[in-house]
Amino acid sequence: MRCIFCKVDSSSSRSVEHIIPESLGNIDHVLPPGIVCDKCNNYISREVEKPFLDSRYIQERRFNFGIPSKKKRIPPMEGFHLQTSTLIHLLKVDGEEGISVCAGPNTDESRWVNSLLSSKAGTLILPIGEKPSDKVVSRFIGKVGLEVLAHRALDDPEILDEIVNKTELDQLRDYVRMVTVSRNTRSVNGHREMLFFERNRRLNRIIE
Ligand SMILES: [Zn+2]
């Protein structure tokens, strides 16, 4: 068995790969160990999924739709209480109705609560999360796309092999794993000829 991203032998890999991360609520669409090798699995989780999931925009979506993390925690939403200049957190608890508001970390909570008790109205400001960059989104979608392809071929080892061998998919693999392409020049018959060669085709160094 070979990894659909780096093509190395992945027979001894142990981790399953969630096509859509578990933190977005996916427990059904999973690739068995080895379709994505352990090294690529770690790399993708750290460099492709995390920047996407950590973006404020996605955090907000998770809060609004109440999507809990693997640890059953819905990410809090940050905000600001205008009258007291206090950073606040909005909290939702998985399976419970309603939203709680509390003072953010490193904030004098009792001062804030006392000021709330003595005021009749106030304003909470909730900033709109900036969308993740095109690069972050496109690498994430590239990863999902290649994994969906493999998922559809799970019952057919020949098609899985074809997915691994297909050179047409190499650019996509390299983009997801950010393989650097080195350029070099040499002189041939008096002409400068541009040579392209791919370094770290197997990506070991980048993933480590
Ligand atoms: Zn791999």
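Helices (H or I, at least four residues) and strands (E, at least two) are taken as DSSP runs and numbered from the N terminus. The structure is a predicted model, in which local features need pLDDT of at least 70 and side-chain atom pairs count only at pLDDT 80 or more, whereas totals for chains, interfaces and linings use all residues. Residues are numbered from 1 along each chain as its sequence is written.

On this basis the secondary structure of the protein comes to seven helices and eight strands. Of the 208 residues, 21% count as buried, a residue being buried if 20 or more other C-beta atoms lie within 10 Å of its own, exposed if 12 or fewer, and partly exposed in between, with C-beta atoms placed from the backbone. Among the contacts with a separation of 6 or more, 54% are accounted for by residues 24 or more positions apart, where two residues are in contact if their C-beta atoms, placed from the backbone, lie within 7 Å.

Four of the strands form an open sheet in the order β5-β4-β3-β6, and the pairing is antiparallel; two strands pair if DSSP finds at least two bridges between them. Strands β5 (100-103) and β6 stand at the edges with a single partner strand each, so one side of each is left without a neighbour in the sheet. Strand β3 (residues 77-81) and strand β4 (residues 86-91) are paired in the antiparallel sense over five bridges, and Gly79 stands opposite Ile88 in β4. The two strands form a hairpin with four residues between them, and Ser85 in the turn has a positive phi of about 50°. Strand β3 is joined by two bridges to strand β6 (residues 124-125), which runs antiparallel to β3, and His81 has Leu124 as its bridge partner in β6.

Phe80, which lies in strand β3, has bridge partners in two strands: Leu87 is its partner in β4, and Ile125 stands opposite Phe80 in β6. When residues up to four places away in sequence are not counted, Phe80 touches Leu87, Ile88 and Ile125. Phe80 is partly exposed, with 15 other C-beta atoms within 10 Å. Between Phe80 and Thr123, which are 43 residues apart in sequence, the C-alpha to C-alpha distance is 8.4 Å.

Among the helices, α1 (residues 38-53) and α4 pack at an angle of about 125°, with their axes 9 Å apart; here axes are lines fitted to C-alpha atoms, for helices over the stretch in contact, and angles run from 0 to 180 degrees between N-to-C directions. That angle makes α1 oblique to α4, since angles under 35 degrees count as roughly parallel, over 145 as roughly antiparallel, 65 to 115 as roughly perpendicular and the rest as oblique. The contact is made by Ile44, Val48, Glu49, Pro51 and Phe52 of α1 together with Val136, Val137, Arg139, Phe140 and Lys143 of α4.

Helix α4 (residues 134-152) also meets helix α6, the two axes coming within 9 Å and crossing at roughly 130°. Helices α4 and α6 are therefore oblique to each other. In this contact, Arg139, Gly142, Lys143 and Leu146 are contributed by α4, and Leu172, Arg173, Tyr175 and Val176 by α6.

In helix α6 (residues 170-177), the buried residues are Arg173, Val176 and Arg177. Seen down the axis of α6, these buried residues fall within an arc of 90°, so they line one face of the helix, the arc being that of the directions from the helix axis to the C-beta atoms. Helix α6 is followed by Met178, whose phi is positive, near 55°.
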